[in-house]
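Here are my notes on the model, as numbered points. Please read them against the coordinates.

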Amino acid sequence: MASFDFIDASAKGYEAIWFERSYLFRVAIPVFFVKTACILAIIVFGAETKFLMQGLISLPGNVLEAIFIIGLIRFTLYREPIFIWGKTIPMPDGKPLVEPYFGWMDRLRSYKAAIILYLLIKVIQLGFSGSMMDMIPGLEATVAQEPSAPGLPPLIGGILMFGFLAMMVWVFRLFFLFIPLAMGVEPLRFLKRISGFQICAPMLATWFICFFPLFILFIGAMNILIIPFPQGGVSYILMRAVVEGFSETVILSVQAVAMAFGFNEILNGKKNTE
């Protein structure tokens, strides 16, 4: 069955990021800096409600984020250094958890292809969500002007909503195709292993476990850190941008590593106990 232990994968994701926190923080400094600058630009240009513009402004941060996340996956599994500074930062001692490449794709091909796919998925996500959010005000205005317009019968509306949710659940697994590609596995080969809906539940559970606790933690931390600063001031905006940039990177890192452990379990047919 194409599934994995989402509790074990999530725990390993948290453990790996925490255990290597010193090295990862040094490597990720450019990512934090550029993402913080992008968030500041979004606030300065008043693009907080203009989601398509947010995607364009965030593009430099997304590029560095892609390089870092792909490097993180290969560092965690194959013990390869993360190359993001223009040079290699000495990494802590350790040994690969699994045999690199699985004999299917070499390092250079998988690395470049995974970065491109990560950015493509990011653009699709931002474009879709941005278009949907930007359309909402227009739809609200239309409904306000035509309050008596006939709507869909409740049954039809429910069926359409259920179909849309089912489609989104099925598509959810495709958002993480960059992970097997970063591992050296061809996407079509991997998709054959996870065909059907049975992989969606553990993937959704892993995503949620690696998101919600950290989200609550960082929201609480941000609310505490911004207390001394007047709302709307330069210090307030800067502190908010720093916390948001840091929290996004940490959450994405934990999720990517946890998914990588889960996918490795599917590909190898057993858990990694090392």
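1. Helix 4 is mostly covered, with 16 of its 20 residues buried. Buried means under 20% relative accessible area, exposed over 50%, and partly exposed in between (1.4 Å probe, protein chains only). Helices (H or I, at least four residues) and strands (E, at least two) are DSSP runs, numbered from the N terminus. The helix covers residues 59-78; at 1.5 Å a residue it should span 28 Å, and its end C-alpha atoms are 28 Å apart, which agrees. The expected span is 1.5 Å times one less than the number of residues. Arg 79 follows helix 4 with a positive phi, near 60 degrees.

2. On provenance: this is a predicted model, where local features need pLDDT of at least 70 and side-chain atom pairs count only at pLDDT 80 or more, while totals for chains, interfaces and linings use all residues. Residues are numbered from 1 along each chain as its sequence is written, and side-chain values use heavy atoms, with hydrogens and water left out.

3. The chain has 11 helices and 0 strands. Buried residues account for 41% of its 274 residues. Of the contacts (heavy atoms within 4.5 Å) between residues at least 6 apart in sequence, 79% join residues at least 24 apart.

4. What kind of pair do the rings of Tyr 118 and Phe 178 form? The structure holds 14 aromatic pairs. Rings of Phe, Tyr and Trp (its six-membered ring) pair if their centres lie within 6.5 Å; planes under 30 degrees apart count as stacked, over 60 as edge-to-face and the rest as tilted. Tyr 118 and Phe 178 have ring centres 4.8 Å apart and planes at 80 degrees, so they are edge-to-face. Tyr 118 sits in helix 5 (residues 107-145) and Phe 178 in helix 7 (residues 178-183), so the pair ties together parts 60 residues apart in sequence. Both Tyr 118 and Phe 178 are buried.

5. Trp 207 and Phe 211 have ring centres 5.0 Å apart and planes at 15 degrees, so this pair is stacked. Trp 207 is partly exposed at 29% relative accessibility. Phe 211 is partly exposed too, at 23%. Both pairs belong to one aromatic cluster, whose members include Tyr 118, Phe 178, Trp 207 and Phe 211.

6. Check helix 6 (residues 154-172). Leu 165 is found there. Its relative accessible area is 48%, so Leu 165 counts as partly exposed.
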